[in-house]
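Work through the exercises below with the sequence and the 3D structure open. Try each task before reading its solution.

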Amino acid sequence: MNLKPAWVPEEQMIKKTRLDQWMKSLGFSTYHSFYQASIERTDWFWREAEKAVGIQWKEPYEAALGQHSFMWPKWYKGGTLNIIETAVDKWAEKIETKHQPAIIWGNEAGEEKSWSFLHLQEKVNRYAAGFLKKGLQKGDVAIIYMPMLPETVAVMLAFAKIGVIFSPVFSGYGSEPLAVRIRASGATIVVTGHEMTRRGKTINMRECVADAIQKTDTVKTVIVHSSSDTDYKDDVRLNDLLKEQPIHETTYVTNEDPLMILYTSGTTGTPKGAVHTHAGFPVKAAFDAGLCMDVAKGDRLFWLTDMGWMMGPFLIFGGLLNGAAIVLYDGAPDYPDEQHIWSFIHQQKVTHFGLSPTFVRSAMQQHIAGIKMTHVKAIISTGEPWNEAPWQWLFNKIGQKNIPILNYSGGTEVSGGIVGSTLLRPIKPILFNAAILGMAADVYNETGQSVINEVGELVVKKPWVGMTYGFWKEPERYEDTYFKRFDGVWTHGDWVMQTEDGEFHITGRSDDVINTAGKRIGPAEIESILVGHPAVHEAAVIGVNDEVKGEALVCFIVTDSHAFEEAKLIQELSAHVGSHAGKALTPKEIHLISALPKTRNGKIVRRLLKGAYEQKPLPDLSSLENPDVFESISNDLKRKQRQE
């Protein structure tokens, strides 16, 4: 790709970055030489990395990386800690930082709130005392289904303090995806908001929880964040827990004790529960934020995200461990007006702004002017690949050609990035200018050979701090997902091209996971909702290119034998998906077909449906059980698209 650098760092700016200063202190003069050392001397590097972000240990570890297999590495063996002491207590107990903001919050109604590190510590300690009084103990699993609130952060940290494993769920999900995650985790407690507001409309979250619980059998307690009594007599009010005397005792854990479960979707089956530990996810997140994005003490880190997505917990640990304030926003970014989120960024003096290309594509269509990014040092992009036009719009119009855009890509199972953009090198539009330190990234062709200037599979060839500690209760599924494709190598599932200069261009997913508006969803989750409708016999879901969302859902439905009106049923099914999965996942199109294309062993071939929708040349159909069905679908799609 013959792209020219859009942003070139000045020498004086480079010298001020935490990365350059740290790199020089360890005796390295170039990013390339430091990167090579980081992947060749794994134990040394991750020992230095945890020191660089100031992790506090109760008992010191023997080695950063002991004897291990790549699939199941043992990090910081022998050490004990609780990450809350580094994320909160360290700053709350220092005179110079205790009154600095830890959380800054605002919503679409214009309400604002700020908590200092000292205030956050007190909230965490009171919630922790309340949870213990309710009988929770180390190893229990709690689902957190709440809007982006300061209280949501405090609940997560309070669970961590007492060793309860928490699993945040996207606040926009309907009852079915929520129930799936409750069942998969075996959670005994759900903490939820009573309601949330989007575009001025109130959404009852507690009713959604009630519906989900009816489909599960493990939940014993529901704790509700509400200013008044709820309609459910057995609920515990979160605010009542604040009446407890704050506890100061901390539950210390080893790095084999889970901190949280983050669910990420696959192409088939239930969502995968990526298990993360106290010195896994937080260390990787803090390292990437602090040393790669240059987030420092006193900065203000803002991500337009939800706690149910990986960047929510990343925001918490990446910000707080580095002594930065985390900035939360609850609501639609363009409500009540299209300037709202941009004004919020300026007013809250945000220094690092995380977004997705989908957000930028939407903003391009809006009438915004006079944007002030006075305090912003870097814009970070995650969630999906870029197109050049929106990247240039963001860089030129919003950033005024002065603010670097740091592309950043990894995943829920990674705890952060595999490839990214360092401030020490020039940045070209849409590309990643480096592999992240400590990440032995490469690109393999189908035979497992490393390739340059050729699209292939993104792989990682050595373990790193932050890699998921397996899938919750599914170790074999974890091994099959990442280590089956190439022996002894992590295969991430992205199609990538690496240049001879060490830059990366991500072109998309190599599996069927759909990325709509930065939210990854497995087709099986939407298909399950569709099949739950009495008129649906079978369903297949694909993601197709969409100018705003990046990818949108297109559903193919095989109906039962009952008579129906086609247009009415399509409208009904669309609303059915939106009500169960969340409005953000409402399908773009629904097509009624006679049968689904399947292989001879009964597997639905979604890639063929996607190819037919995109009018690609007819592929080899010899593996299909019913090739005539596929040809019929393809012809019908062509006819409909011509009519449109």
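**Exercise 1: Paired strands**

Ala539 has Ile557 of β29 standing opposite it. This is a predicted model, in which local features need pLDDT of at least 70 and side-chain atom pairs count only at pLDDT 80 or more, while totals for chains, interfaces and linings use all residues. Residues are numbered from 1 along each chain as its sequence is written, and side-chain values use heavy atoms, with hydrogens and water left out.

Task: Find in which sense β28 and β29 pair, and over how many bridges.

Solution. Step 1: locate the strands, which are DSSP runs (E, at least two residues; helices are H or I, at least four) numbered from the N terminus. Strand β28 covers residues 536-546 and β29 covers residues 550-559. Step 2: apply the rule that two strands pair if DSSP finds at least two bridges between them. Here 10 bridges are found, and the sense is antiparallel. Step 4: check the cover, where buried means under 20% relative accessible area, exposed over 50% and partly exposed in between (1.4 Å probe, protein chains only). In β28, eight of the 11 residues are buried.

**Exercise 2: A strand with two partners**

Task: State how many bridges join β23 to β24, and how many of the residues of β23 are buried.

Solution. Step 1: β23 and strand β24 (residues 490-498) run antiparallel and are joined by four bridges. Within this pairing, Val460 has Trp490 as its bridge partner. Step 2: β23 also pairs with β22, again in the antiparallel sense, over four bridges. There, Tyr444 is opposite Glu457 of β23. Step 3: five of the five residues of β23 are buried, and the strand is mostly covered.

**Exercise 3: Salt bridges**

Task: Describe the salt bridge between Lys461 and Asp442, then the one between Asp334 and Arg199.

Solution. Step 1: side chains of opposite charge can pair when their charged atoms come close. The rule asks for a side-chain nitrogen of Lys or Arg within 4 Å of a carboxyl oxygen of Asp or Glu. By this rule the structure has 25 salt bridges.

Step 1: Lys461 and Asp442 meet at 3.0 Å, N to O. Lys461 is in the loop between β23 (456-460) and α16 (475-483), while Asp442 is in strand β22 (residues 441-444), 19 residues apart. With a relative accessibility of 38%, Lys461 is partly exposed, whereas Asp442, at 7%, is buried.

Step 2: between Asp334 and Arg199 the closest N and O atoms are 2.8 Å apart. Asp334 is partly exposed at 23% relative accessible area, and Arg199 is partly exposed at 43%.

**Exercise 4: Aromatic rings**

Task: Classify the pair formed by Trp72 and Tyr469.

Solution. Step 1: a pair of aromatic rings is described by the distance of the centres and the angle of the planes. Rings of Phe, Tyr and Trp (its six-membered ring) pair if their centres lie within 6.5 Å; planes under 30 degrees apart are stacked, over 60 edge-to-face, and the rest tilted. The whole structure has 44 aromatic pairs.

Step 1: the ring centres of Trp72 and Tyr469 are 6.2 Å apart and the planes stand at 90°, so the pair is edge-to-face. Step 3: place the residues. Trp72 is in the loop between β1 (63-65) and β2 (75-77), and Tyr469 is in the loop between β23 and α16, 397 residues apart. Trp72 is partly exposed, at 25% relative accessible area, and Tyr469 is partly exposed, at 24%.

Step 2: compare with Phe170 and Tyr173, whose centres are 5.2 Å apart with planes at 80°, so this pair is edge-to-face. Phe170 is buried at 9% relative accessibility, and Tyr173 is buried at 4%.
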